[in-house]
Amino acid sequence: MDDDRNILTSVSMALEAEGFRVRTYGDGSEALRGLSVTPADLLVLDIKMPRMDGMELLGRLRETSNVPVIFLTSKDEEVDEVIGLRMGADDYITKPFSQRLLIERIRALLRREKVSKDEVAPGGEAPIRRGDLLLDPARHLCHWKNEPVNLTVTEFLILKALAQRPGHVKNRDQLMDAAYGEHIYVDDRTIDSHIKRLRKKFKQVDDDFAQIETLYGVGYRYRDA
């Protein structure tokens with residue numbers, strides 16, 4: 001979704017050439033109406049769109065959906081990038097961008113989504129219990145003190161990487177690999193923003209939540225007991 005028709009046309013043609021089915025929208029309101037009728041597997045949003053910008057659209061979508069979202073931003077929109085990630089975007093790409101990079105990021109997000117769904121089958125990963133935390137990878141469910149915590153795929157994978165080895169420090173590169181795959185690079189602040197959003201979601205359930213610890217200059221860990 002982008003208000004620049006040239007970008008819409010060139011990106012949609014490139015994606016269709018790679019075998020993707022593509023729908024395009026020129027503004028956020030049109031997109032929200034279309035997605036309410038026909039949901040998508042993944043969204044590519046521009047922050048600046050007429051009638052309803054990308055931030056507002058993402059906020060509306062996150063009320064009911066965890067569909068993977070990639071933001072397109074300009075070089076002077078660093079603040080918007082961070083806000084977008086904290087609101088629940090999975091990734092962002094700065095314009096001007098390589099169409100090949102966009103396609104690789106899309107494939108990476110769709111692969112993670114497929115793995116998450118495939119784990120529903122018998123023999124999927126066993127639930128992870130850490131005190132008041134319950135993570136069920138097979139059903140992509142998270143509970144804290146028996147209350148559900150609604151996480152995006154990226155947030156879930158980061159939390160899972162931390163909770164699998166409580167007390168052990170994970171640096172940003174390790175969390176990046178866990179969430180995006182070994183061959184996808186994202187900026188450090190992307191991981192920091194996902195961590196902040198994770199904390200915010202748990203604090204909405206429990207004001208005293210403090211299990212995700214920051215070790216400045218090192219990384220993050222899930223507090224042991």
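## Overall picture

How much accessible surface does the chain have, and what share of it belongs to carbon and sulfur atoms? The accessible surface of the chain comes to about 11600 Å², and 48% of it belongs to carbon and sulfur atoms; accessible areas come from the Shrake-Rupley method with a 1.4 Å probe, and for residues only the protein chains shown count as cover. This is a predicted model, in which local features need pLDDT of at least 70 and side-chain atom pairs count only at pLDDT 80 or more, while totals for chains, interfaces and linings use all residues. Residues are numbered from 1 along each chain as its sequence is written, and side-chain values use heavy atoms, with hydrogens and water left out.

The chain holds 8 helices and 9 strands, taken as DSSP runs numbered from the N terminus (helices are H or I with at least four residues, strands are E with at least two). Of its 225 residues, 48% are buried, where buried means under 20% relative accessible area, exposed over 50%, and partly exposed in between, with a 1.4 Å probe and protein chains only. Among contacts with a separation of 6 or more, 57% come from residues 24 or more positions apart, a contact being heavy atoms within 4.5 Å.

## The parallel sheet

Three strands form an open sheet in the order S1-S2-S3 with parallel pairing, where two strands pair if DSSP finds at least two bridges between them. Strand S1 (43-46) and strand S3 (91-95) are the edge strands, each pairing on one side only, and the twist from one strand to the next averages 25°, with axes as lines fitted to C-alpha atoms and angles running from 0 to 180 degrees between N-to-C directions. Strand S2 (residues 69-74) is joined to S3 over 5 bridges in the parallel sense, and Ser 74 stands opposite Lys 95 in S3.

Strand S5 (residues 133-136) and S6 pair in the antiparallel sense over 4 bridges, with Asp 136 opposite Leu 141 in S6. Their hairpin has 4 residues between the strands, and in it His 140 takes a positive phi near 50°. S6 is also joined antiparallel to strand S7 (residues 147-148) by 2 bridges, and Glu 147 in S7 is the bridge partner of Trp 144. In this second hairpin, which has 2 residues between the strands, Lys 145 takes a positive phi near 50°.

In a regular strand the side chains alternate between the two faces of the sheet. Strand S6 (residues 141-144) has a covered face with Cys 142 and Trp 144, and an uncovered one with Leu 141 and His 143.

## An aromatic cluster

Trp 144, Phe 202 and Phe 209 form one aromatic cluster; rings of Phe, Tyr and Trp (its six-membered ring) pair if their centres lie within 6.5 Å, and planes under 30 degrees apart count as stacked, over 60 as edge-to-face and the rest as tilted. The structure holds 3 aromatic pairs. One of them, Trp 144 with Phe 202, is edge-to-face at 6.0 Å centre to centre, with 85° between the planes, and it links strand S6 to helix H8 across 58 residues. The rings of Phe 202 and Phe 209 are stacked, because their centres are 4.5 Å apart and their planes lie at 15°. Phe 202 is buried at a relative accessible area of 0%, and Phe 209 is buried at 3%.

## Helices H6 and H8

All 11 of the 11 residues of helix H6 (residues 153-163) are buried, among them Glu 155 and Lys 160. In helix H8 (residues 188-205) lies Asp 192, which is buried with a relative accessible area of 17%. A polar contact of 2.8 Å joins the side chains of Asp 192 and Arg 172; such a contact is a pair of N or O atoms within 3.5 Å, where within protein one must be able to donate a hydrogen and the other to accept it, and residues adjacent in sequence count only if both atoms are side-chain atoms. Not counting residues up to four places away in sequence, Asp 192 touches Arg 172 and Tyr 220.
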